[in-house]
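I opened the model and kept notes in the order in which I looked things up.

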2 protein chains.
Amino acid sequence: MPTPPVFGHVGSAQPGDLFASRAELAQRGQHRPLQAGICATQEQGAESIVLSDKYEDDEVHDDYLLYTGHGGRSEETGQQVADQTLTKANKGLVRSQVTGLPVRVFRKVTAPAGSQAFRYEGLFRVVSRDCRPGRSGFLVFLFRLEPIIATVEAPIPARPYAQPGLFDRPAEAAEPTPRYEATVSRLVRDTAVTRQVKALHGYRCQVCGEQLATPGGFYAEAAHIRPLGAPHHGPDTLDNVLCLCPNHHALFDFGSFGIADNYALLGLPGQLRTQANHQPDMGQLAYHRQHIYRPLAASQR
Amino acid sequence: MPTPPVFGHVGSAQPGDLFASRAELAQRGQHRPLQAGICATQEQGAESIVLSDKYEDDEVHDDYLLYTGHGGRSEETGQQVADQTLTKANKGLVRSQVTGLPVRVFRKVTAPAGSQAFRYEGLFRVVSRDCRPGRSGFLVFLFRLEPIIATVEAPIPARPYAQPGLFDRPAEAAEPTPRYEATVSRLVRDTAVTRQVKALHGYRCQVCGEQLATPGGFYAEAAHIRPLGAPHHGPDTLDNVLCLCPNHHALFDFGSFGIADNYALLGLPGQLRTQANHQPDMGQLAYHRQHIYRPLAASQR
């Protein structure tokens, strides 16, 4: 039986940690293959990648990486001699774009003394991809990975009167059009539980039965019934999550519909689709009805 | 004609700036009403709020605020004497939750000398709401606001070998289950352009015609045809955005469907809905077809 993939930090490894060799990375479960740059399955996506100097189209920037997909290089010369295809490890990175799961990134570095090592750069997300001719003229896949920075957890020190504001962005980050996320109100914790509920329902929305098919596999979202975080403090447990399409996730979070104890939908026609091994908690459904669901006036529909 | 609302920073104001009085806040367009704590319309949401000490259920935490909605207080005693209702300014804050637009937050502070001022705390987003009995026993609306921190723009200094990792989170931010965003791949710039495209289409999806109705008004997303950021570097212009429901936004970004020059959908039945005053650019549609759209194999549908 193959080892199940591990997403996120492994062990006590922290960004900045150095590993002496690919063998050490493999032994410690940080990046398991000894040669391949991408550790991935098509079904679950990429766990980790290694940036070496083998791919001429790789780019490292301050706030993102462009990582070249796998394939098309000559074993002898290392040069790109053929088009890359959307297969194997490349499919795994496309899957990561769809799941949003974190990818561990390691980078080959050279010490002043000339010896080489692999530095852990931390957790990244695949945010977009491209397929275009590389420097060689052959088609390559380029994946854009951005570092995951846990902003909301970062404690912000309390400060006395007349010092800089409580929630300052660093001055250097100022930009004429700061980047917002339109979907920030649908922050979810990406945990074993949320992955489990999607797998249990085969990525099928429990409200409409929709299964969004993408080139990177099916896409669905896990919605917490009683939301995580203040003021709700819902638990991250299987009986407090639903598998929903993005539309019904937004509608559920914004309170357009609720769910009765018999799983009848309130505010929408029909019934919640359930599974024998996934029973949403009655108490949490009641909480959502009471605190979040607001029946729409006829004029709002 | 009422002044149109301004979302985001006003003028050169930066978090930490102090204002002597409500009159000064109003005069400078930072928070326009002289008395009300919430500056909002039901249609467009809240521009700004002021945290004073008038509402006993307000809470200020390191990384979020709980802000009590408007209403139900006695004019004489200032005490909560009635249930709050989802009307007026409270509806505006619910609208902000749906639009994701930034809200300016000001807080009353007391100088060591005893004099009072209003400090600009920066831009926040309404991420959830609750309606529950407050300390008084009467129902109050509690809005959770979180600071907007521009993470991806923050320049990350290049570092010499063997120093902490390029993309470290601060050590204090470490947590057993870091918070990820499942929808991070749908980062959009929230700009005049993206608001404009949603308004032009009445929040109706240009693919399916769906208009998601929520207690906070209609919800839709603006999707860039040629994505912003590397490797695509698409422009943030009206002819490079579409108004889509979250489902079709995800499918478009992941490449499940494309759009032909005659606006026929590729990979989906039907035709893009257009408006006389919103003509998507042919070149950008061609770019999306070439670089992002990947026809699904029959087995993937």
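Entry 1, helix packing. Before reading an angle between helices, I noted that an axis is a line fitted to C-alpha atoms, for helices over the stretch in contact, and that angles run from 0 to 180 degrees between N-to-C directions. I also noted that this is a predicted model.

I looked up helix α4 of chain A, residues 246-254, against helix α4 of chain B, residues 246-254. Their axes come within 6 Å and cross at roughly 140°. Angles over 145 degrees would count as roughly antiparallel and 65 to 115 as roughly perpendicular, so α4(A) is oblique to α4(B).

Which residues of the two helices meet? I found A:Pro246, A:Asn247 and A:Ala250 on α4(A), facing B:Pro246, B:Asn247 and B:Ala250 on α4(B). Sorted by class, the residues of this contact are four nonpolar, two polar and no charged.

Entry 2, chain A as a whole. I looked up the secondary structure of chain A and found five helices and 14 strands. Chain A has 301 residues, and 45% of them are buried. I then took the contacts in chain A between residues at least 6 apart in sequence; 57% of these join residues at least 24 apart.

I looked for contacts between them and found six residues of domain 1 of chain A touching six residues of domain 2 of chain A. On the domain 1 side, these are three nonpolar, two polar and one charged by class.

A:Tyr203 is not a glycine, yet has a positive phi of about 60°. I placed A:Tyr203 in the loop between α3 (192-200) and β9 (212-214) of chain A. In chain B, B:Tyr203 also has a positive phi of about 60°, and B:Tyr203 lies in the loop between α3 (192-200) and β9 (212-214) of chain B.

Is A:Tyr203 buried or exposed? The cut-off for buried is 20 or more other C-beta atoms within 10 Å. A:Tyr203 has 20 C-beta neighbours inside 10 Å, so A:Tyr203 counts as buried. B:Tyr203 has 19 C-beta neighbours inside 10 Å and therefore counts as partly exposed.

Note on methods
Residues are numbered from 1 along each chain as its sequence is written. Chains are lettered from A and ligands numbered from 1 in the order in which they are written. This is a predicted model: local features need pLDDT of at least 70, side-chain atom pairs count only at pLDDT 80 or more; totals for chains, interfaces and linings use all residues. Two residues are in contact if their C-beta atoms, placed from the backbone, lie within 7 Å. Ala, Val, Leu, Ile, Met, Phe, Trp, Tyr, Cys and Pro count as nonpolar, Asp, Glu, Lys and Arg as charged, and the others, Gly among them, as polar. Helices (H or I, at least four residues) and strands (E, at least two) are DSSP runs, numbered from the N terminus. Angles under 35 degrees count as roughly parallel, over 145 as roughly antiparallel, 65 to 115 as roughly perpendicular and the rest as oblique. A residue is buried if 20 or more other C-beta atoms lie within 10 Å of its own, exposed if 12 or fewer, and partly exposed in between; C-beta atoms are placed from the backbone.
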